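Please read them with the structure open.

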Amino acid sequence: MDNSGTGPGPITPDGSPVAFYTLLEPGGEPEIVAQVTPPGGSVLELGAGIGRVTHPLVERGFDVVAVDESAEMLAHVRGAATVLARVQGLRLGRRFDTVMLASHLIHTAGDPGRRELIATCARHVEPGGAVLIEWTPPEAHDGWHAGMGRDEGDLTVTMAAVEEVSPGLFRATMRYTHAGDGEEGERVWTQSFTSRRLTDDELAAALAAEGLRLERFLTEDRRWVVAVPAAR
């Protein structure tokens with residue numbers, strides 16, 4: 001059940017269509033980072049992609065290091081140091097005020113992979129710093145269904161299919177459509193992935209196993225978690 005993608009342009013190892021992600025605007029992530037990072041502080045962005053969040057963070061004056069395993073993604077990043085590498089096993093030899101693990105990477109299907117992701121966060125965060133994790137709370141995971149989605153101007157994002165292939169493990173396919181204009185015409189991509197449903201207790205336990213403590217949820221929908229070194 002490897003992650004995969006289809007559509008025009010490069011597709012990254014995790015199935016992300018690069019051309020589609022260049023069309024997305026930043027959401028509320030920069031404001032979320034600013035809640036836990038001192039002005040001018042350092043941010044390690046894990047899975048930075050094309051810099052959708054990186055660029056507004058740089059504009060706010062943060063010192064950002066952007067990590068991604070896709071050279072095609074990182075080629076779009078400007079104003080930040082870039083590191084071409086997998087998040088799992090990353091060792092930069094420095095620590096940051098904030099380590100950011102976005103894009104629901106925490107829901108990787110295998111427990112060993114999750115441990116490696118969290119361990120990377122733990123060894124790169126300052127003792128007084130914060131780890132920001134984007135996740136899908138269990139109540140939101142339970143609401144997944146084919147046909148759900150959203151429109152963002154000329155972009156349409158739809159969950160084309162979803163199936164619980166084993167207890168707590170979901171296989172889903174997203175369909176991305178860009179209406180286009182002029183000669184470009186409509187473009188369509190798909191991205192298929194697996195997602196492990198996590199409860200609050202399971203997330204807290206996974207963090208604790210790597211020396212981090214779930215401190216609080218930053219947003220009303222509980223999609224952003226703040227974790228801190230357990231010794232703090």
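1. Two strands count as paired if DSSP finds at least two bridges between them. Strand S5 (residues 96-101) and strand S6 (residues 125-134) pair in the parallel sense, over 5 bridges. Within this pair, Phe96 stands opposite Val125 in S6. Keep in mind that this is a predicted model.

2. Now the whole sheet. It is open, has 7 strands and runs in the order S4-S3-S2-S5-S6-S12-S11, with mixed pairing. Which strands stand at the edges? They are S4 (81-84) and S11 (212-217). Each has a single partner strand, so one side of each is left without a neighbour in the sheet. From one strand to the next, the twist averages 20°.

3. Ser42 belongs to strand S2 (residues 42-46). Its relative accessible area is 10%; because buried means under 20%, Ser42 is buried. Beyond residues up to four places away in sequence, Ser42 touches Thr37, Asp63, Arg94, Arg95, Phe96, Asp97 and Thr98. Phe96 is also the residue opposite Val125 in S6.

4. Two helices lie across strands of the sheet. Helix H2 (residues 29-36) lies across S2, S5, S6, S11 and S12 (224-229), and runs at about 155° to S6. Helix H7 (residues 200-208) lies across S6, S11 and S12, at about 140° to S11.

5. Look down the axis of H7. Leu203, Ala206 and Leu207 are buried in this helix. The buried residues fall within an arc of 100°, so they line one face of H7. Their cover includes helix H5 (111-124), S6, S11 and S12.

6. His107 sits in the loop between S5 and H5. Is His107 buried or exposed? His107 counts as buried, at 2% relative accessibility. Its side chain reaches the backbone oxygen of Arg196 at 2.7 Å. Leaving aside residues up to four places away in sequence, the contacts of His107 include Arg114, Trp135, His141 and Arg196.

7. Arg114 also takes part in a salt bridge. Its side chain meets that of Asp111 (2.8 Å, N to O). Arg114 is buried, with a relative accessible area of 5%. Asp111 is partly exposed, at 43%.

8. The count of salt bridges comes to 10. One of them joins the side chains of Glu29 and Arg52 (2.9 Å, N to O). This pair links distant parts of the chain, 23 residues apart: Glu29 is in helix H2, while Arg52 is in the loop between S2 and helix H3 (54-59). Glu29 is buried, with a relative accessible area of 10%, whereas Arg52 is partly exposed at 23%.

9. Glu152 and Arg150 form a salt bridge as well, with the closest N and O atoms 2.5 Å apart. Glu152 is partly exposed, at 31% relative accessible area. Arg150 is partly exposed too, at 45%. Elsewhere, salt bridges link Glu139, Asp200 and Arg222 in a network.

10. Last, Pro8. Pro8 lies in the loop between strand S1 (4-6) and helix H1 (18-21). Pro8 is partly exposed, with a relative accessible area of 36%. Residues up to four places away in sequence aside, Pro8 touches Ala19, Arg187, Val188 and Trp189. The C-alpha atoms of Pro8 and Glu69 are separated by 20 Å, and the two residues are 61 residues apart along the chain.

Methods:
Residues numbered from 1 in each chain as written. Predicted model: local features only at pLDDT ≥ 70, side-chain atom pairs only at ≥ 80, totals over all residues. Heavy atoms only, no water. Helix = DSSP H or I, 4+ residues; strand = E, 2+ residues; numbered from the N terminus. Buried < 20%, exposed > 50% of the residue type's maximum accessible area, 1.4 Å probe, protein only. Contact = heavy atoms within 4.5 Å. Axes fitted to C-alpha atoms, helices over the stretch in contact; angles between N-to-C directions. Arc of directions from axis to C-beta. Polar contact = N/O pair within 3.5 Å; in protein donor to acceptor, adjacent residues only side chain to side chain. Salt bridge = Lys/Arg side-chain N within 4 Å of Asp/Glu carboxyl O.
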